Amino acid sequence: MSSSRYAIGIDLGTTHSALAYVDIAASDGDGIGVEVMAVPQLSAPGTVEAQPLLPSFLYLPHAEELAPGELALPWSSEGRDVVGELARSRGATTPIRLVSSAKSWLCHPGVDRRAAILPHDAPAEVARVSPLEVSTRYIEHLRRAWDQAHPEAPFAEQDLTVTIPASFDPAARELTVEAARAAGCGNLTLLEEPQAALYSWIQASGGAWRKQVRPGDILLVVDVGGGTSDFSLIAVLERDGNLELHRVAVGDHILLGGDNMDLALAHGVARKLATAGTTLDAWQMRALTYGCRSAKERLLGKGGEGRDAEPIVVPSRGSKLIKGSIRTELTRDEVAATIVEGFFPQVDAAARPLSRVRAGLAQLGLPYAQDAAVTRHLAAFLGRQRGAVAELEGFADKVASGASFIHPTAVLLNGGVFKSDALAERTLASVNGWLAADGAAPARLLAGADLDLAVARGAAYYGHVRRGQGVRIRGGTAFVYYIAVESTMPAVPGIEPPVQALCVAPFGMEEGTEAEVPELVLGLVVGEPVSFRFFASSVRRQDLVGTLLDVWGSDELQELDAISATLPPAGRRAGDVVPVRLHARVTEAGTLEIEALPLTGSERWKVEYDVRGERQETAEEA
Amino acid sequence: MNPQDLKPSDSGKPLSLLQRLSLAFGAFFGVLGDPALAARFDAVRRGPMVAPTAPPAPPPPPLKEASPDAALQLLALLQRDARLIDFVGEELDAYDDAQIGAAARVVHEGCARVLREHFSIVPVRSEAEGSRITLAAGFDAALVRLTGNVVGQAPFTGSLSHRGWRVTEVRLPKLAERHDARVLAPAEVEL
């Protein structure tokens with residue numbers, strides 16, 4: 001392990017980023033201090049303010065838009081573009097120059113993530129940037145802020161942990177690492193966000209967590225961020241008298257978060273205003289969305305039970321504030337209908353997200369979740385992961401035979417959405433309703449999480465844990481990976497030859513471990529890229545490397561970006577077929593690397609993830 | 001011959017015979033022709049020199065000039081987040097209280113945010129208003145203002161009518177070197 005002084009954690013969120021750190025030298029055991037760095041950023045032209053959260057927005061200003069020197073930051077006198085608060089506020093009035101939700105684009109399988117495609121709906125004259133570049137810019141901003149505040153401890157030399165959704169596929173993980181490296185990160189590790197939230201809870205408890213969980217517990221982490229919802233299950237084991245935490249399952253990638261909820265409320269209120277003859281422009285819509293969020297938190301938060309409505313005022317755009325402001329209100333019924341019933345409906349454990357048949361036209365925007373109900377996604381996750389702990393030591397007798405879903409015993413909620421107590425209560429009540437229907441004891445709420453900054457704090461704490469201090473959540477990879485190989489069955493004319501799925505990386509591969517595929521030899525053509533369809537499964541955890549599947553359930557395997565390898569022609573004739581074996585490895589940073597090894601010789605060729613967004617197009621043609 | 005010439009020589013060195021001769025002749029004619037110089041010459045001969053007049057009172061310390069930049073910055077923040085300048089600049093007569101109240105929500109919420117984000121403000125006294133408190137001798141008159149029947153000696157006992165406010169931390173944004181703080185809000189033109 002390096003001799004760095006700080007463990008730095010970065011929460012690279014869809015809507016906000018944050019940086020927290022631990023002074024390693026000053027920390028020992030459970031009693032460690034995690035600090036959140038205030039990030040200097042432009043809050044208005046020529047005005048720099050330090051805030052704990054850096055809004056994940058990039059604004060690309062017109063050359064004439066700002067006076068010279070107005071984009072100066074403490075570390076650079078002249079900037080070209082804007083990251084943070086000013087980007088967000090400017091972008092509200094000029095959305096064609098605003099890049100938002102870059103993280104969702106980074107894992108969007110339908111687009112080329114290295115291509116300059118953002119802002120998505122910008123006119124031709126705006127110089128666009130790639131999702132990868134945008135992520136790089138956010139980390140770079142944090143790096144420069146750090147270097148400015150800590151000149152004695154350069155960012156590149158510290159232990160860095162960057163968080164990602166647990167559901168990120170291998171290609172998105174690798175792109176995140178690529179962005180962090182391009183931004184100047186040295187020792188880098190990825191950490192799943194729900195795990196980071198749990199680490200933060202452990203750290204904040206100051207050692208008391210050992211009394212709050214017990215062996216046999218199954219902890220459910222529900223992390224509803226600004227743009228994504230992420231679930232994980234973590235089992236508590238006891239070995240040699242010590243508590244161990246094992247992350248046993250993660251959920252699907254769901255593009256659905258708090259911002260969608262606030263926007264849904266604002267559109268509801270805007271419709272109400274429109275029927276009364278008042279239409280709002282984009283600037284007023286933003287003010288209304290902001291007002292709806294505050295009103296929602298007041299109605300659904302502590303002490304809001306007795307209120308029937310909260311007033312919202314959309315300020316005038318012009319200087320006549322009293323004359324031009326629009327007064328409206330958000331009623332309890334509207335919040336209950338839109339948020340509580342719309343996003344957290346009371347459903348039973350057998351409920352599954354509704355998916356509409358996709359329209360024939362290619363989707364150019366982000367693939368938002370088609371079903372807005374977080375509780376339905378949660379029910380599907382728990383149902384799918386019914387057997388997640390079946391093979392875990394000490395859990396054999398904990399799994400009820402007739403259970404229709406895995407039974408969590410405790411719930412940790414994370415994300416700004418849960419500042420509304422009513423939503424936290426509804427989520428817990430839903431889980432407990434399902435448990436009661438299955439005849440199981442209710443789950444308890446693990447209290448005391450810092451909803452906005454837990455992920456960054458947990459990531460910093462994890463950097464400390466990696467040095468052998470405190471408890472570490474084990475688990476490794478949360479998916480089994482397969483490539484498609486053509487079946488040897490005789491081909492039927494006019495029908496696509498059936499494919500088999502070959503397991504190349506098993507479930508639970510820890511960082512720094514390898515898995516070889518000895519059985520199957522593939523032929524690669526020298527000088528020509530060879531592409532394989534690539535699949536992942538979050539449930540077939542018993543499959544080992546080399547397992548060949550002929551049939552599988554439609555919800556068992558998900559197709560990911562294809563992977564491809566190109567053999568350099570050096571020392572061979574183009575067109576020759578070289579027999580190779582595949583070899584999977586999880587790097588120290590936490591990415592999955594697949595290599596092709598020839599049967600003879602010591603060369604290794606990296607198999608690349610195809611992030612050019614071609615998969616969706618081929619799927620649509622079919 | 002000038003009065004300054006009677007000062008001891010700057011270097012403090014003894015004067016040469018020639019210099020003394022020149023001084024003696026100069027003094028002779030000077031004392032003879034100038035009554036004021038004669039009086040001062042007399043004083044030097046009688047003993048240690050005394051100041052001819054009382055030293056002037058030291059000038060009062062100049063009053064601090066507040067930097068307009070910080071004030072302008074605060075105004076810009078109050079306009080941006082609370083629309084304060086718009087609000088105060090509007091005539092109230094044309095509107096009913098409900099309309100004014102709606103705008104006041106914007107101003108109130110925004111002002112609260114500006115104060116919360118840029119200042120740490122704490123009460124000077126933690127006691128409840130209306131309670132009786134005693135001020136010992138040597139209390140800080142800048143922190144506590146005495147009102148009413150102000151007579152006698154400390155300790156003073158009285159009722160707390162206002163807790164007072166004190167800023168413990170100021171976090172104003174930093175400004176770019178060429179930023180013109182006098183522009184509180186730029187004009188907006190929608191293309």
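Buried means under 20% relative accessible area, exposed means over 50%, and partly exposed lies in between (1.4 Å probe, protein chains only). I use these words throughout.

**Entry 1: ground rules.** I am working on a predicted model, in which local features need pLDDT of at least 70, side-chain atom pairs count only at pLDDT 80 or more, and totals for chains, interfaces and linings use all residues. Residues are numbered from 1 along each chain as its sequence is written, chains are lettered from A and ligands numbered from 1 in the order in which they are written, and side-chain values use heavy atoms, with hydrogens and water left out.

**Entry 2: salt bridges.** I counted a salt bridge where a side-chain nitrogen of Lys or Arg is within 4 Å of a carboxyl oxygen of Asp or Glu. Over all chains, the search gave 44 salt bridges. I looked up A:Asp561 and A:Arg113, whose closest N and O atoms are 3.1 Å apart. A:Asp561 is in strand β26 (residues 558-566) of chain A and A:Arg113 is in the loop between α2 (102-106) and α3 (131-149), so the pair ties together parts 448 residues apart in sequence. Helices (H or I, at least four residues) and strands (E, at least two) are DSSP runs, numbered from the N terminus. A:Asp561 is buried at 2% relative accessible area, and A:Arg113 is buried at 0%.

I then took A:Asp452 and A:Lys419, which meet in a salt bridge of 2.8 Å, N to O. Both sit in loops of chain A, and the pair ties together parts that are 33 residues apart in sequence. A:Asp452 is partly exposed at 34%, and A:Lys419 is partly exposed at 36%.

B:Glu169 is partly exposed because its relative accessible area is 40%. B:Arg171 is partly exposed at 29%.

**Entry 3: where the chains meet.** Contact means heavy atoms within 4.5 Å. By that rule, 28 residues of chain A are in contact with 27 residues of chain B. The two chains bury about 2,200 Å² between them, 52% of it on carbon and sulfur atoms; buried area is the accessible area (1.4 Å probe) that two parts lose on being put together, summed over both. On the chain A side, A:Glu49, A:Leu321 and A:Ile322 lose the most area to chain B, together 30% of what that side buries.

Three salt bridges cross this interface. One of them joins A:Arg317 and B:Glu190, with the closest N and O atoms 3.2 Å apart. A:Arg317 and B:Glu190 also belong to a network of salt bridges with A:Asp281 and B:Glu188.

**Entry 4: a sheet across the interface.** Two strands pair if DSSP finds at least two bridges between them. I found an open sheet of three strands in the order β4(A)-β5(A)-β5(B), with antiparallel pairing. The edge strands are β4 of chain A and β5 of chain B, each pairing on one side only. β4(A) and β5(A) pair over five bridges, while β5(A) and β5(B) pair over two. A:Thr47 has B:Leu175 as its bridge partner in β5(B), and A:Thr47 is in turn the bridge partner of A:Ala44.

**Entry 5: B:Asp81.** B:Asp81 lies in helix α3 (residues 68-82) of chain B. Buried or exposed, I asked of B:Asp81? B:Asp81 is buried, because its relative accessible area is 15%. Leaving out residues up to four places away in sequence, B:Asp81 touches B:Val106, B:Gly110, B:Arg113 and B:Val114.
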